[in-house]
Amino acid sequence: MDRFQALDMYVLSGIGAATVLLFYFLLRTDPEAAVHYHVETPEQAQPGWKGEILEEPSIKVSGSSAIQCYCPATGASLGTVNPAIPEDIDRAISKAKEAQVEWARTTFTQRRKVLKTMLKYVLENQEVIARVACLDSGKTMVDASLGEILVTAEKLKWTIKHGEKALKPEKRPTSFLMMYKSNEVIWEPLGVVAACVSWNYPFHNLISPIIASIFAGNAIIVKGSEATAWSSTFFTSIATKALEACGHSPDLVQSVVCWPDVADYLTSHGSISHITFIGSRPVAHHVCASAAKALTPVCVELGGKDPAIVLDDLSSSDFKRVASILMRGVFQSAGQNCIGIERVIAMPKQYEKLITHLTPLIRSLRPGSILNIGPNDPPIDIGASVSAANFDKLEELINEAVSQGARVLAGGTRYRHPLHPKGHYFAPTFIVDVNPSMRIASTETFAPIFLLMRASSVSSCIALANSTPYALGASVYGSSSSDLERVVREVHAGMVAVNDFAVFYMVQLPFGGVKGSGYGRFAGMEGLRGVSNQKAITRDRWPGVKTSIPGQMDLPIRNEAKAWKFAEGIVWVGYGDWRGMVRGIKGLVGL
């Protein structure tokens, strides 16, 4: 080694050491650096856990008000949860209210630190979170990764990166008459908000409103579904422990689980400033009516009958990619997905190709419990349904459609799993030749059912897509930009993905629908602002220039005719063309 090489190595090693020291120093001094913390893993989520199999799995316990928690994939008991009563809700709101006063004074730097701490925990504990979600909802580990963890990590990351900008005060334009005013809109905490969330994604649905609400400066009461009551405590503690680790009160986030008759006490409570509801239309009617008692605003995200439109000009090279997306879109979480694909509408050239390609794939799907297989067992493709309560209706809809001309090429009935006879499984189903007159074409199934409809043209695709009471999400696949954009414009939906499926949440676009799929939006900037008080402020722009009531219009009015002429002149000056402005000036000076 010559002296120049030695010098190079010396310089490089010096730079490397300096870089390490600088990185260490930044970590030590970064006020937003994530903090490590620990959440006790439930015994049931430990590998190898075997619970008692219930003879008749149900969340209701005979002779008791307790909620029986169990794994829908196996029927194994997870224990019981005592439901909240009105007094418990009062206590939770009182604690949250007290904690929010101090939290409202925190800076965005402090709030980002909490979210970064939560994100660190989520990233480092993905398997535990997934296992808990799988136990309580019956989904597979891959379903949990995509629908629980991935989207939660994205929401945390987006809010950390863009949340402050979304809530930053905005300057607003002024008018000619008000040129001496400076205008601004600010977003302030509402106080204590609530979220009543559904069971299909017990981690993400619960933690998502917590992220938005606390970043906006609020406290939150989260009511999880009684169907996934067991996991609510663990998932809520991920947020409360992060708050505690960062030096804040864990009382800011409160979790309650109760029976429907008590939920009305929460949704009508006068101390709740806003409610986010995720669930079904029938329950939404009750929630909104209850919230109306206290005039509490509600963001309502309901179900859908989301269409996936496959146009004839889809390229051959893209066919398998799209078919794979359709499979995931339909069968993710056993079809229990609010923006899952409920209808595939295909034009003639693609219709038969889809039937030929998909039939063997759907027939080969393997239901089961991902938590109870060994390393040498075949993989599980599809999980359980959270309950068997809807199976009679599903079979009725399918049989009725068959009697009207539809064909079932796979499944079509409930499935008794040989290893998990107490689990709730519906066979992966492929039903084709469905037309809009059949009830199954417009009824949300929320099940592992691939429903295929034939369309004759782009116009026909759009008409079929718009033929249901729902309008949550939609997707369209093809090559022609003009046809794709026409579908985007004309389909009734709150969200449309072009040549993709349900990626709205992965970029934190406003999430929600229209028509029978609800109103309001969460996620992204709109979601943060939705749980904030939007306050409009106007100030004097220049010292000494202030609004004064002209003498002609000052009360009591001395001359009504002159007062009217003056008022009319102001309007002409402010909003007329040049002729109108001249007319207005004449009125002002009394010419």
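Reader: Is E184 buried or exposed?

Author: Burial is read from relative accessible area: buried is under 20%, exposed over 50%, partly exposed in between (1.4 Å probe, protein chains only). E184 has 13% relative accessibility, so E184 counts as buried. This is a predicted model: local features need pLDDT of at least 70, side-chain atom pairs count only at pLDDT 80 or more, and totals for chains, interfaces and linings use all residues. Residues are numbered from 1 along each chain as its sequence is written, and side-chain values use heavy atoms, leaving out hydrogens and water.

Reader: Which side chain does E184 meet in a salt bridge?

Author: Side chains of opposite charge can pair when their charged atoms come close. A salt bridge here is a side-chain nitrogen of Lys or Arg within 4 Å of a carboxyl oxygen of Asp or Glu. E184 pairs with R539 at 2.8 Å, N to O. E184 lies in strand β4 and R539 in strand β22, so the bridge ties together parts 355 residues apart in sequence. Helices (H or I, at least four residues) and strands (E, at least two) are DSSP runs, numbered from the N terminus. R539 is partly exposed, at 40%.

Reader: Which residues of α9 are buried?

Author: An α-helix has 3.6 residues a turn, so residues three or four places apart point the same way. In α9, the buried residues are A284, V287, S290 and A291. They cover an arc of only 130° around the axis, which puts them on the same side of α9. That arc is taken from the directions from the helix axis to the C-beta atoms. The face turned away carries exposed P282, H285 and H286.
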